[in-house]
Each structure stands twice: as structure tokens, then as C-alpha cells.
Amino acid sequence: MKDLELIEKLCNARGASGFEDEVVAIAREYCKDFATFKEDSMRNLYIYPDYNKGGRPLVMLDAHSDEVGFMVQAIKPDGTLRIVPIGGWNEKSLPSSKVQIFTTAGYISGVIAAGSPHLMTAEQRNAPVSYENIVIDIGATSDKEVAEFGVEVGAPVVPLSPFEYDAKHGVLHGKAFDDRLGVAALLQCLKKLKDERLSVDIIGIISSQEEVGERGITAAMHNIKPDAAICFEGGPADDTSAPAYMIQDGLRRGVMLRYMDRTVICTPRFNELAKSVAQSRGIKHQLAVRSGGGNNGAYIVSSNGGTPVIVASIPVRYIHTFNCIAAIEDVESCVSLGVGVCASLNKEIIERF
């Protein structure tokens, strides 16, 4: 499976939090020739590369498989579906967006209803968007007909935004770049590490339910005890919204190393090593200090008596919306940094973190 094909498959996969099966299957297929696997009941996937030797420090590579989505809460008499969010959305961006709803026979298409201006009062046009008035329309005319479509309460819902690649400009378009681009970077890193002379063993974790509170990695860290960890993320690009002096996660500026956000201060000495690796290998990178946001690193850093962690992010414009934009070169920078950092680690360096 080629790298771009991997990215396309991952981004098109349907995997709201708790329903990450399609993503896990793709990861298994990509790594089947050089790794073995374990999987727990939360759909965390543990990837054990064949090049591990044992008796060496264990470095964990983590990326989360889930995407923000919705769940069908109730079926209205008129055949529309009331929903609740899974993860955080910009609600103003939702009306008229196409979605995919799980049914007993597979996924079907629907649309988040948007009122026709011809039928709306001034009050309705100015009303805030909220889940009290958001519904999905699948073309049914009654709750009985919804049952014939195979839709049930509890069905997961994700965007219908097919992946596209603009090869001329190296631009990626699609959904779920948080964190399918991180998953792609992790899997590519695992594969490339076969050709490196390592002083550490590696485990890959494709963790679940990050978007609803880092639940998957919380479970995973009870099952393994890594000596250090790298989180691969798709982070919110700020180059179209921040003043020039505040841009810290811009497209085509390379992988972003996060010093802190609302939930975590990444291990300073580990971050300095990663920065040094990027500089010595000529890997384009950028540094960020965030006042908001959060990621799996927040739980990892305080687990098992303390675990050194860094967060390597790929800049993504319009994160947590139906249509994301990213640059393939930033994905490549993230992979290169992951490989370089793992190749630079050994027992003595990790103990100094």
C-alpha cells in the first residue's frame, strides 16, 4: 500500500469515537508484513514490529483512530433524525452538510437539514444553531419509514467528504484529518524504522476515543509501560486566522512541536532533543505554545509514574469541520521527525529526560 493510498483510505474510513473498526482494519493491513497485533475491547490496536529485540527501552508511538461525529438520539415522527455530538464541533458549519449514517445494512447518505430561506421567518434565520434544532434528513417521510432504511437509535454518524489530492500543489482535502493524518504518519514511521539501527524497541498504539476525553489511551497505558512516547496529531492550523507573529502551526511550515496546551506541558528535555534532531536532519518544523486544545499526551505524561512525551502535529486547516485542508509535505516532515527521534534515542538519553 503506497503512502498516499494509505492516507486516502484512512481519511475515508468511517470511525466516530467508539466505532473505529474500519481504521483499525486499515492499520492491520498496512503493517501485516512486519508486525504482530493485539486489540482490546475499546478498539485500541497494539502494533509490535518484528524488528524489536527485547531488553531495550520501549518507545511508544501513539495516534488516535477516532474522528468527531454524531449519534442518532431519537427518530422524529416526520422521519428526521435528532442527533447529539461525539466530540467538539463548530455548530455553525453543520447545516446543509452531507453525512453517512450507520444502518443494519451498512452506511447510507443523509444531510443535516438547512431551512429554505423561502420558508423561514426573520426569527428563524437569526436563531443560533444548536442541537435542539439540528436534524438529519435521509429522505424518509415517517418514523416507520426510517425503520425500513435500517436506521436505529444509537447509530453513529460521520461526514460524507471524500478524500481528494491536488497533486500539482501537494494539497490534501477531506474529513477526519484529526487524526487520520497522524495515524498515517505513525504507520509510515513504523515501516521506515525497519531500516534504522535502533537502540530502543518500538510499539505503535492506534488509540480510540480521544475526541471524547482520551479514553482509549487511558486504558492502553494500563496495559503497557513505555519509557518514552511520541504522539502524532493533526493540529489546528492558525495561518489563516492569527497575526503573522502568532502563527505557530502553518501549512508548508513543517511538523509542529507542541510545548504546551491547556492539558499538558510536554517533557522539555525530550522536546529539546526533538528540535535538535529536526535541525540536524534539515526537517522543516515549527514550535507552538497553545492556551487551548488537548491531546493524548496529557494522560501519557502522568501515567506509570511519569512518561516522557512529545507531541508532533501536522497542520490542518478547518479542523473539526467537514472539509479539512493540509499539505503532503507536512505529513512527510512529521514522518521524518518520528524516524529521526526514534533513531536518536537510547537508554542513557531517555533516563536524562
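1. Start with Lys284. This lysine is partly exposed, with a relative accessible area of 42%. Keep in mind throughout that the model is predicted. Lys284 has a charged partner: its side chain meets that of Glu329 in a salt bridge, at 3.3 Å from N to O. Glu329 lies in helix α9 and Lys284 in the loop between α7 (268-281) and β15 (285-289), so the pair ties together parts that are 45 residues apart in sequence.

2. Glu329 also forms a salt bridge with Arg252. Here the closest N and O atoms are 3.9 Å apart. This still counts, because the cut-off for a salt bridge is 4 Å. The link again joins distant parts of the chain: Glu329 is in helix α9 (residues 328-344), while Arg252 is in the loop between β13 (228-236) and β14 (255-260).

3. Now look at Glu67 and Lys175. Their side chains meet in a salt bridge, with 3.0 Å from N to O. Glu67 sits in the loop between β3 (58-64) and β4 (69-75), and Lys175 in the loop between β11 (171-174) and α5 (177-192), so the pair connects parts 108 residues apart in sequence. Glu67 is buried, with a relative accessible area of 2%. Lys175 is buried as well, also with 2%. Why do both count as buried? Because buried means under 20% relative accessible area.

4. How many salt bridges does a search of the whole structure find? The search finds 17. In general, side chains of opposite charge can pair when their charged atoms come close. Salt bridges can also form a network, as they do among Arg28, Glu39 and Arg43.

5. Turn to the helix pair α7 and α9. Their axes come within 9 Å and cross at roughly 115°. The two helices are therefore roughly perpendicular to each other. Their crossing is right-handed.

6. Which residues make the contact between these helices? From α7 come Phe270, Ala274, Val277, Ala278 and Arg281. From α9 come Leu337, Gly340, Val341, Ala343 and Ser344. Sorted by class, the contact has 7 nonpolar, 2 polar and 1 charged residues.

7. Thr267 is buried, at 11% relative accessibility. Leaving aside neighbours within four places in sequence, Thr267 is in contact with Val301, Thr307, Pro308, Val309 and Phe353.

8. Last, check Phe37, in strand β1 (residues 35-39). Is Phe37 buried or partly exposed? Its relative accessibility is 22%, and Phe37 counts as partly exposed. Phe37 and Ile47 are 10 residues apart in sequence, and their C-alpha atoms are 4.9 Å apart in space. Not counting residues up to four places away in sequence, Phe37 touches Ala27, Arg28, Cys31, Lys32, Leu45, Tyr46 and Ile47. One of these, Arg28, belongs to the salt-bridge network with Glu39 and Arg43.

Definitions and conventions. Residues numbered from 1 in each chain as written. Predicted model: local features only at pLDDT ≥ 70, side-chain atom pairs only at ≥ 80, totals over all residues. Heavy atoms only, no water. Helix = DSSP H or I, 4+ residues; strand = E, 2+ residues; numbered from the N terminus. Buried < 20%, exposed > 50% of the residue type's maximum accessible area, 1.4 Å probe, protein only. Axes fitted to C-alpha atoms, helices over the stretch in contact; angles between N-to-C directions. Parallel < 35°, antiparallel > 145°, perpendicular 65-115°, else oblique. Left-handed = near helix turned anticlockwise from the far one by under 90°. Contact = heavy atoms within 4.5 Å. Nonpolar A, V, L, I, M, F, W, Y, C, P; charged D, E, K, R; others polar.
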